[in-house]
Amino acid sequence: MKGFSKRYSAVIWKQFRYHRLAYVCWYFILFLFCVALFAPVLANDKPLVWKHAGELSFPAFSFENKYKTIDFKEMKKSSEEGWMIFPPIPYSPTNYNLDHILEAPNALHLLGTDGDGRDVAAQLIWGARVSLSVGFVAVGLSVLIGVFLGALAGFYGGVVDVVISRLIEVMICFPTFFLILAVLAFVGPSIFNIMLVIGVTGWTGIARLIRAEIFKFRERDFILAAHALGASDFRVVLRHLLPNAFAPVLVSASFGIAGAILAEAGLSFLGFGVPPQVPSWGSILSQAQEYMDVAWWLTLIPGVAIFITVTAYNLVGEGLRDALDPKLKQ
Amino acid sequence: MNVLEVKNLASHFFTREGVVKAVDGVSFSLGAGESLGLVGESGCGKSMLALSLLRLLDSPGKIVSGEMLLANPAGNEQVDLLKLSTSAMRAVRGRRIAMIFQEPMTSLNPVYTIGDQIIEAVSLHEHLSKREMKKKAIEMLKLVGIPAAEKRVDDYPHQLSGGMRQRVMISIALSCKPDILIADEPTTALDVTIQAQILELILELKEKLGMALILISHDLGVIAEVAERVLIMYAGKIVEEGKTSEIFDRPLHPYTQGLMNTLPERADLRHKGHLPTIPGHVPSLIHLPLGCSFQERCAYVQTDCRQQPIPDDPCHTGRLVRCLHVPGI
């Protein structure tokens with residue numbers, strides 16, 4: 001017998017690490033999360049630290065209105081007293097600078113500027129927030145709906161199962177992307193609506209997975225044993241069936257996040273996505289349509305960002321699938 | 001005093017092919033602290049009877065008639081389990097009547113530690129603090145003889161052997177000190193050497209906690225060792241009932257006699273060189289013949305055996321023997 005207390009999750013993690021690429025991608029996603037989380041510190045036109053009139057202040061971390069009107073760059077040039085430290089990318093994604101339109105990547109703007117003179121690197125960093133949160137919230141919603149309906153269908157079977165299964169089949173018949181487009185045309189584009197619509201249309205696969213897994217597990221002896229101990233139906237589903245049925249959902253969810261990020265980028269590209277003033281990878285791309293022939297960086301950079309992120313999620317999903325597959329265990 | 005009286009219990013499965021009468025008018029009683037053996041071939045309805053006692057039959061199975069009177073520990077009155085609400089029945093399961101299953105390998109939830117599973121069983125019926133529950137879990141593991149219980153309590157089921165898992169199952173079943181323990185073939189899936197240990201453990205704990213035990217088995221050796229009284233079940237009915245010594249020394253029903261003859265230590269191997277069997281198969285529980293259900297396989301069958309249902313003791317043997325023509329009487 002190998003070691004004590006080897007948790008199930010620890011076994012999966014060990015298996016997961018064998019999949020080298022997935023392991024690397026996992027850390028890449030963690031890195032992306034850090035970028036999204038620390039966006040105000042990474043790309044901001046306000047300095048991180050400002051020494052002024054004998055006082056230290058931290059404008060980048062502050063929401064106070066008094067900093068909003070100050071142009072720190074002008075101040076740095078003109079005033080002699082005091083000093084300031086800027087973030088690595090000293091621009092906000094909403095800095096319109098019409099003197100620097102469509103500049104190719106250079107020392108001032110590492111990834112160039114767009115048609116309104118906004119820094120692409122800053123937009124990319126802030127855009128990670130939209131992409132990641134759309135992915136997570138949308139898929140979280142899908143998982144919630146899918147697990148609930150799938151568990152209902154799988155546990156109770158019979159009429160409940162028939163009704164839910166037919167509902168799933170009806171949902172699958174709609175081409176998802178056009179359904180999302182149609183719904184967004186009614187409710188109007190906003191990050192919140194996009195998350196909602198992608199989430200509400202994406203639960204069918206997860207519901208089917210959970211339904212099948214619960215069908216598989218509900219005849220197991222330990223479920224009968226739980227009933228024999230006096231556990232209620234609700235408790236049996238929540239504590240005994242779902243934790244056992246949840247593994248394949250993780251795989252499906254990581255593929256789902258990749259899909260949701262892609263869907264958001266596609267919607268923004270078509271102009272149905274987030275409003276233009278909100279930085280997102282898709283909205284940089286949609287700008288790029290106009291300048292395709294003169295500004296290659298506008299297409300390439302967000303495109304590569306989307307590609308790498310989506311690939312990373314897919315590889316993590318694949319790694320999870322392999323780790324959870326008992327047949328592959330060595 | 002009897003903790004449980006079952007009267008005329010019938011559980012049927014309503015399948016497309018017809019009604020399967022898995023339990024067909026079973027009556028018996030269980031005294032406090034008594035150990036009762038339930039014997040029969042595979043498919044004769046033993047496990048279905050056990051599940052019926054907990055009202056855990058899954059559809060299409062259904063208890064169609066009968067009474068299951070459980071003595072109330074407070075007073076002398078009895079409650080009919082079949083008349084309880086589902087939530088009141090849940091309070092009975094685990095707390096008053098607990099069950100151990102045949103397959104220790106699949107009866108534990110693979111995603112929780114064994115400690116968590118004992119704690120869950122306790123928390124369903126008692127309210128204790130987290131620390132007390134953990135203490136109780138360790139105590140239960142010690143009770144069933146698991147070495148290094150303090151460490152083992154955080155183990156997952158896959159880290160334990162079959163015998164250890166069955167011990168854990170027993171500790172879960174006993175964690176709420178039930179009045180009745182139903183053990184459905186608790187040793188069938190285990191190694192022969194482990195079998196004896198587990199049986200001994202069940203008996204020892206039964207004495208310690210003062211429970212009544214219903215032991216289901218097709219292994220006559222196990223029954224002889226553990227049970228004080230035996231029910232012989234055939235095709236959904238009890239065909240013979242009596243003290244273990246009576247049944248083993250003087251089996252009366254032709255089916256019981258057939259069972260006893262299959263015991264290797266009783267069989268006369270000198271003549272044929274192979275073990276005796278009861279010819280034929282258990283009849284389909286959908287198309288049971290009129291009259292005695294053993295008629296097709298019985299050497300002593302006569303015309304009246306095929307004509308009417310057999311009463312409890314037609315030959316006045318002094319115990320339940322559902323046979324019109326008990327051989328030798």
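**The contact between chains A and B**

Modeller: The contact takes 19 residues from chain A and 24 residues from chain B; two residues are in contact if their C-beta atoms, placed from the backbone, lie within 7 Å. On the side of chain A that touches chain B, helix H10 (221-228) and helix H11 (233-245) of chain A are the elements that give two or more residues. H10(A) supplies the largest share of that side, with six residues. Helices (H or I, at least four residues) and strands (E, at least two) are DSSP runs, numbered from the N terminus. By class, the side of chain A that touches chain B has 10 nonpolar, six polar and three charged residues. Here Ala, Val, Leu, Ile, Met, Phe, Trp, Tyr, Cys and Pro count as nonpolar, Asp, Glu, Lys and Arg as charged, and the others, Gly among them, as polar.

This is a predicted model, in which local features need pLDDT of at least 70 and side-chain atom pairs count only at pLDDT 80 or more, whereas totals for chains, interfaces and linings use all residues. Residues are numbered from 1 along each chain as its sequence is written, and chains are lettered from A and ligands numbered from 1 in the order in which they are written.

Elsewhere in chain A, the axes of helix H7 (residues 176-187) and helix H8 (residues 191-201) come within 10 Å and cross at roughly 140°. Axes are lines fitted to C-alpha atoms, for helices over the stretch in contact, and angles run from 0 to 180 degrees between N-to-C directions. The residues of the contact of H7(A) with H8(A) comprise seven nonpolar, three polar and no charged.

In chain B, six strands form an open sheet of mixed pairing, in the order E6-E7-E8-E3-E9-E10; two strands pair if DSSP finds at least two bridges between them. Strand E6 (97-100) and strand E10 (237-243) of chain B stand at the edges, each with a single partner strand, so one side of each lacks a neighbour in the sheet. Strand E9 (residues 229-234) of chain B runs antiparallel to E10(B), joined to it by six bridges. Leu231(B) has Glu241(B) as its bridge partner in E10(B).
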